[in-house]
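I opened my notebook to look around a structure I had not seen before. Here is what I looked up, entry by entry.

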Amino acid sequence: MVIAIVLPLLAAPLCLFMSRRVLFGLHLLVSLLSALAVGVLMREVMAAGPLRYAVGGWGAPLGIDLQVDGLSLAPLLLTALVMPPVSLYAHDYLTQPAEQQLCFWPLWYLLWSGLNASVLTADIFNVYVTLEVLTLAAVPLVVVAGGAEALRGAIRYLLFALLGSLTYLLGVALLFAAHGTLDMVALAGVWADDLPSAVGLALISVGLLAKGAIFPLHIWLPPAHAAAPAPVSAVLSALVVKVGFYLLARLWLWVAEPGAQAALLLGLLGAGAVFYGSLQALRQGRLKLIIAYSTVAQLGYLLLLFPLASATALSGSLLQLIGHGLAKAALFLAAGNVLHVLGHDRVRDFAGLGRRLPTTWMAVGVATISLTGLPPSVAFLGKWQLLEAAVDQGQWWCVVVLVGGGLLAAGYLFRILAHAFVDDPAYPDAHPLPWTLAWMPLALALLALLMSFLGAPLERLLLPGNPFAGTP
Amino acid sequence: MSHSLLPLATVLIPVITGIMVFFLDESQRRLRTVLNLSGAVLNLLAALVMLVGVFQEQAFAWRWPLLAGLELYLEADAFAMLFTPLSAGLWLVTTVYAVGYMEHYHNRRRFFGFFSLCVATTMGVALAGNLLTFFVFYELLTLSTYPLVVHRGDARSLAVGTIYLRYTVGAGAVLLVGLIWVHSLAGTLEFTEGGFLAPFQEHDTSLRIIFFLLVGGFGVKAALVPLHGWLPMAMVAPAPVSALLHAVAVVKAGAFGIVRVVYDVFGVTFAHSLGVTGILAVWASLTILYGSLRALAQDDLKRRLAYSTVSQVSYIALGVSIAGPVATIGGVVHLIHQGVTKITLFFCAGNLAETLHIHKISEMDGVGRQLPLTMSAFTLGALGMIGIPPMAGFITKWYLGLGSLEAGQPWVILVLLASTLLNAAYFLPILHRVWFRPARHAPPPPAREGPLLLLLPPLITGTLALLTGLFAAAPFTPLEWTVLITEREYPDGYHASP
């Protein structure tokens, strides 16, 4: 468990002393080792159920405790799958002078470490710390390529993230004052339906909604994700915002016992996100903005977990989380290639791209299958389970959200794809892309598709420790 | 071992062919052709081996779990074995045709790649052993045909492509809701002879809604009026694509879906007791008449054929919605008969466009003298569509008519009669122009058939359309096979002797 956090942290300072070629080796090594660590964790959880680990042997009230169960395995696995290809891509994508790359890689590995830490920690104050680490690594990464647009996006992101942290911290303080503990399990044990708990939970939730870019606190996301360099956008959209959802799920389903009304409210926010985000995506003319608004929309599906609250819905939303993460990273990397070749990302000027960037375009096509929730993709399985939970419980409005969102997604994604079929013979031939740039988007997109054939073991992996065990 | 792998192989062979074609260079024409043809031949062989095996009562099935209680399931059951050899056979013929036809097109690599993927998904639809698998391949079919429809890449193709997607993706969404509802109700999606929903009779309102969700979802591709709008528009695609869309892949997938829903999900007797088949029968009849009427008014040859498809495919829906074994035979066997007949007509239309640049019916005066062989095939196809004995189309209408009498629904005969008259009214004038009018250019140019690759396919399928009708009662014909299926669907003693 510790390895997953410490490994990238160790790599961070090392990057400062390496030449480009050795750096590539380092990416491979870290990727391999972190995959190994997550693999071992997955095996242990499958065999023995949820695990808990006290760092340094100090134990709950004083020390730092880590925990892992099905819920945390989903983002862990996603991180272990997305970071390696995106790192390799970033290695060849960033063409800035060496000094700027010096800033980039330590921050990159800090972000990686923060991602793992935030889903492993068992204590709500440490969550705050890891969230700050994430913010402080992510915001500079947005501006690493420079430019006024990136700076504006980053500042807005910073503002929202800090406000989110602040409200989160306030909530934590309230809960600590009321219950005298910060540990998640201990907190669940003494949870009471009183005012401080309710206000504390509300503050924490608002903070997490802001971090997780959930409608209507999403407004920082599109400018920041659209302006960042492609690999950074990929990681922000695929991984970083998911942490907000993960923590919401952890607190609402494991720790606290909020009423059905509050859960419905979250679900409605999700519905708002799906429709608002999709309609905005339909209106955008720039590829990266379309993809960014699509993230806003797709995060909305996840929130349906709260009103549906069942084991099927939990596994469904986690599969959706994984599927979306992989496909979204693929799309952002593909958008990076388009920018790299064309110098712009205006969708209506995409004629001829299909022939010029065949693998990139295939990646867009394959990612489209995932994001519209068509079979066979991990996202389809997730959507299927969410739909099934909705039909089982007769919550037809969720069916409308899920199906309507899929149709809207088809609308904005096929609009991009269609342009590739227009042939423009006047197009000059481009220099071939380095293999990492050409193939990494497709690899991620295919992974989002082919992992659906491992759906059954994946589902078993996500359920250990779920709070619905015992209820059908 | 091979018993579980054969159905999988039938789906994977075209997938692999398609991927390999994607990676070839645009200029490697010969290698691409060899790949395409060997893929098609291999696939046909696999289908035939399964056909013989199923005849000897062997089972071919492949399962793969996706989630708890949800699996991909390919199975060569009797219905599947009707559709699979048809698709595999027509794919081979169409590949030959496409190699000849696409000679002057750009981006052949992309075309043949998606062409193969399209066949793979059709195989998946044919072999699907449960509704989920059917749905998966049905959706993939949309995705793999879209690039074929917009292949020309001009503004018009793109606009049509968007309309095509609106119809089919919307249908997919409706279908998904129906599917989930069935799963939530019954806990299974596996096709069962005689249906699996009968035990849930007390949810009859839900079941009726589900029926129309499913049939509506499939009805878009089967082009039931008013869900047919995409079909005549999709005629912008190159001729081999139109042929494939109309005769084998898309339209048939929809019709086959309706067949599966009625027989293997609801069960025809149960569906009848719910009262939903009556509505479907009326719906199909309206489509038959509407399609024929619209076909009359078209001057563009491909559009007339397209409306004719709208009309003809609904014979299948009509046949399955009349609860009775004889009508079942008529409807199901039309899957095959319409397939071979309509593909012939589209090949011929493609040849006209390619060799003489004729697209309109009004330009077809006297072309019989210039393209005698092509137009002979066309004539066979047209007569088959009208249903003149001994063509295959006649067999269909014969069984449908008998079946409607047997089921006590004689009004269907009127529909058949009206439709036959209309079919004659829009096909016979074409034949008259082709053979009996003088050519527009006097003196008429000498006979000048197109290349062999374009000529052979319509001749083969045209002959097939004749032979399946002429020797309908011989063993191993589609009709005999359908009778076998029907005997399994109506277990309490039916013997086919019309």
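**A helix in chain A**

In H11(A), I found these residues buried: A:Leu266, A:Gly267, A:Leu269, A:Gly270, A:Ala271, A:Ala273, A:Val274, A:Gly277, A:Ser278 and A:Ala281. I call a residue buried if 20 or more other C-beta atoms lie within 10 Å of its own, exposed if 12 or fewer, and partly exposed in between, with C-beta atoms placed from the backbone. My helices (H or I, at least four residues) and strands (E, at least two) are DSSP runs, numbered from the N terminus.

A note on the source: this is a predicted model, in which local features need pLDDT of at least 70 and side-chain atom pairs count only at pLDDT 80 or more, while totals for chains, interfaces and linings use all residues. Residues are numbered from 1 along each chain as its sequence is written, and chains are lettered from A and ligands numbered from 1 in the order in which they are written.

What covers the buried residues of H11(A)? I noted helix H12 (287–303), helix H13 (305–308) and helix H18 (396–418) of chain A among the covering parts.

**Chain A as a whole**

I counted 20 helices and two strands in chain A. Buried residues make up 58% of its 472 residues. The C-alpha atoms fill a box of roughly 70 × 55 × 40 Å along the principal axes.

Next I looked at the two strands. Strand E1 (residues 51–54) and E2(A) run antiparallel, joined by four bridges. A:Arg52 stands opposite A:Gln67 in E2(A). Both faces of E2(A), residues 65–68, are covered: A:Asp65 and A:Gln67 are buried on one side, and A:Leu66 and A:Val68 on the other.

**The core**

Which residues touch the most other members of the largest nonpolar core? In this core of 368 residues they are A:Val82, A:Val142, A:Ala330, A:Leu333 and A:Ala448. Such a core is a set of buried Ala, Val, Leu, Ile, Met, Phe, Trp, Tyr and Cys residues joined through C-beta atoms within 7 Å. Helix H10 (residues 230–255) of chain A gives the largest share of this core, 18 residues.

Beyond its neighbours within four places in sequence, its contacts include A:Ala150, A:Tyr157, A:Ala224 and A:Val232; a contact here means C-beta atoms, placed from the backbone, within 7 Å.

**Where the chains meet**

The contact takes 27 residues from chain B and 26 residues from chain A. On the chain B side, H6(B) gives the most, with 13 residues. That side divides into 18 nonpolar, eight polar and one charged.

Buried residues make up 61% of its 498 residues. Its C-alpha trace spans about 75 × 55 × 45 Å along the principal axes.

Is B:Pro438 buried or exposed? B:Pro438 is exposed, because 11 other C-beta atoms lie within 10 Å. I found B:Pro438 in the loop between helix H18 (411–436) and helix H19 (452–470) of chain B. Leaving aside neighbours within four places in sequence, B:Pro438 is in contact with B:Asp365 and B:Gly366. B:Pro438 and B:Arg369 are 69 residues apart in sequence, yet 9.2 Å apart in space, C-alpha to C-alpha.

Conventions. Contact = placed C-beta atoms within 7 Å. Nonpolar A, V, L, I, M, F, W, Y, C, P; charged D, E, K, R; others polar. Pairing = 2+ DSSP bridges.
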